[in-house]
2 protein chains.
Amino acid sequence: MNAGARLDRARERLARAGLSGLIATPGSDLAYLIGWSPLPLERLIALVVRPDAEPVLIVPELERPGALASPAADALEIRGWRDGEDPYALTARLLPSGRVAISDGAWAAHVLGLQRERPDVAFTTVGAALPLLRAVKDPEELEILRRAARGADEAFADILGVRFAGRREIDVAADLAEALRAHGHGTVEFTIVGSGPNGASPHHEAGERRIEPGDAVVLDFGGRMAGYCSDITRTVVVGEPAPELARVHEVVRAAQQAGVEAVRPGVACEDVDRAARAVIEEAGYGEAFVHRTGHGIGLDVHEPPSIVAGDRTPLEPGMTFSVEPGIYLEGRFGVRIEDIVAVTEDGVERLNQAPRDLARVI
Amino acid sequence: MNAGARLDRARERLARAGLSGLIATPGSDLAYLIGWSPLPLERLIALVVRPDAEPVLIVPELERPGALASPAADALEIRGWRDGEDPYALTARLLPSGRVAISDGAWAAHVLGLQRERPDVAFTTVGAALPLLRAVKDPEELEILRRAARGADEAFADILGVRFAGRREIDVAADLAEALRAHGHGTVEFTIVGSGPNGASPHHEAGERRIEPGDAVVLDFGGRMAGYCSDITRTVVVGEPAPELARVHEVVRAAQQAGVEAVRPGVACEDVDRAARAVIEEAGYGEAFVHRTGHGIGLDVHEPPSIVAGDRTPLEPGMTFSVEPGIYLEGRFGVRIEDIVAVTEDGVERLNQAPRDLARVI
């Protein structure tokens, strides 16, 4: 990563977006811009980027050595503050008036502290004002995302060999976590195992329920590799599927295929959602598809753009996001299929290659 | 935990603090009030507590099943929202005008979204307006914190038996993590190993440096047990200490003792800081004690009160915090000693019992 180059690009984008400044706090924006990932804590750490001035990193004195070790330290001025000093006054003095974007996940305490010092500044979020700051991945980022997706595919291949029937969801979730680690993931972020009726709740995690023969089981899992996220979903069946499960799975598979096929530069995010949703609606399950079709992915599991009605962002080469339609039949079962895709110069690349047919497990 | 009782107490405290409402977002405030710990993500989850109305939990429809499973679900009204709806408008309609406190770690995106809908509401943070919401622990919380501290003590006892000389800091950090897990910690939050000159940076984590004979090594580590945090620091020496190291360690030990002895109900937080700092200043090392004396601890590693000049909060029985003075000699070494203490009816209880003398390791 050339952190200095990302800072330069951020400065250009600020100006074009009509922003007078950007404040990145610990999290993905800061990691992206200067390659440093301190913990987000109550002591303010803030990178202030302005169109016409050198970037300044405000850090507690305690954290100065960590800041100095960041890859972009040479492209920054570092200003330390000590316990007892007011970091908001220090930071506020650097802000031009006008509109300033702050990281979406910045702490409320920090936003309110800065607003108190600078009532003349109109604060907004990076997500609202510069949503695409990290959306277009460079070749190096794409290669890491490809590797992470491949690791998730391999973890799914492993899981097809474990026993499901009679074991608890949390046992299969533990197997998934182990498989992610075995296939190169540094951390495991989520391992959703939704069996039978639990699969009808899209965000059910994994519980004590024992998986039964005939169950549909939604497996949605991912982790981080070199800072970047994987996220894949497949739905499997224990033994033979009931006819309705097979039918619903085929609808979701076709919807996911339609969503992916809609992806190319210039298409609006909402059109990808519409393409996937239309297949489910035509099959009569429109009410049972209760979430958006996808989300951007990179240093965050969820980041812009959002593949949802109302998001007219035109797709650009290098953008990466999930395509993950689902059908949820309350009290009975759920089906979801998810791949991460990248927009290419003239179409789409699926980063996940695991088979999407209804796999049978034992 | 009786979650309903904590909600009732929060409503009383709101009124006394002149607040018209409190908004708890995913994190420790929400875990404390209703026993639910969803991940903080971009989709708004917000518990709205008002003095004269039933608490309302705003959740994405996806998360409703998780919310319904929370221990306090019966004491709440749960309102779901779907992708495409505006959760800020939904939440804002519940807010009375006046002053509303929001969790310190609430996302900037959420604060700014609520401010946009309700410019008439003066938002502040829980930390600023209700700093003591979680500060006084009930007997059940104290017992968990005691167990967590005991686990950290036992991990320290284990680490005295491992080899330091010739190994890297990250190797000893891995041993610390394993020891924390072996002694009942569900997660490991930090394992600082600052050897030789690295110990002079209070927030140095652990690096590639190989530990040498004669090094002072600062070990500052902790994790979570049943949601509550441990946090202990001891400084050890590899072999025989140089005379200045022995002298500095004795100053820090005496300062820590003085800090702990100053703790009793009614004493101001800053007086505990002053008691510890005075010992270090008298020994001529005042400039080398670059941080506050301590921080509250509970569901968060760092929470109010702050044991620092300017914090006049009177101590109350049940409060728990660290007492952790240090001396940092740049380019040479650092020494820090930290225990968690609880304020009792008439004095203080050290939750950590590990010996505080300068332990020799090999």
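In the predicted model, A:Val251, A:Ala254, A:Ala255, A:Ala258 and A:Gly259 of helix H9(A) are in contact with A:Val272, A:Ala275, A:Ala276, A:Val279 and A:Ile280 of helix H10(A), contact being defined as heavy atoms within 4.5 Å. By class, the residues of this contact comprise nine nonpolar, one polar and no charged; Ala, Val, Leu, Ile, Met, Phe, Trp, Tyr, Cys and Pro are counted as nonpolar, Asp, Glu, Lys and Arg as charged, and the others, Gly among them, as polar. Helix H9 spans residues 243-261 and helix H10 residues 269-282 of chain A, and the two pack at an angle of about 155 degrees with their axes 8 Å apart. Helices (H or I, at least four residues) and strands (E, at least two) are DSSP runs numbered from the N terminus. Axes are lines fitted to C-alpha atoms, for helices over the stretch in contact, and angles between N-to-C directions run from 0 to 180 degrees. H9(A) and H10(A) are therefore roughly antiparallel to each other, given that angles over 145 degrees count as roughly antiparallel, those under 35 as roughly parallel, 65 to 115 as roughly perpendicular and the rest as oblique. The crossing of this pair is right-handed, a crossing being right-handed if the near helix is turned clockwise from the far one by less than a right angle, and left-handed if anticlockwise.

Residues are numbered from 1 along each chain as its sequence is written, while chains are lettered from A and ligands numbered from 1 in the order in which they are written. Local features need pLDDT of at least 70, side-chain atom pairs count only at pLDDT 80 or more, and totals for chains, interfaces and linings use all residues, with side-chain values based on heavy atoms and with hydrogens and water left out. The mean pLDDT (the predictor's confidence in each residue, from 0 to 100) of chain A is 95, and 99% of its residues reach 70 or more. The model has an ipTM of 0.81 and a pTM of 0.83.

Chain B is superposed on chain A by a rotation of 180 degrees with 0.0 Å of shift along the axis (RMSD 0.0 Å). The two copies are thus related as by a two-fold rotation axis. Superposition was by least squares on the C-alpha atoms of residues with pLDDT of at least 70 in both copies. The same surface serves both copies, as 100% of the contact residues of chain B recur in chain A.

Between the chains, helix H5 (residues 108-117) of chain A and helix H5 (residues 108-117) of chain B have axes that come within 8 Å and cross at roughly 55 degrees. This angle makes H5(A) oblique to H5(B), and their crossing is right-handed. A:Ala108, A:Val111, A:Leu112 and A:Gln115 meet B:Ala108, B:Val111, B:Leu112 and B:Gln115; the contact residues divide into six nonpolar, two polar and no charged.

In chain B, the axes of helix H7 (residues 139-159) and helix H8 (residues 169-182) come within 9 Å and cross at roughly 135 degrees.

Turning to the backbone, the peptide bond from A:Pro304 to A:Pro305 is cis, with omega near 0 degrees, and A:Pro305 is placed in strand E12 (residues 303-307) of chain A. A cis peptide bond likewise joins B:Pro304 and B:Pro305, with omega about 0 degrees.
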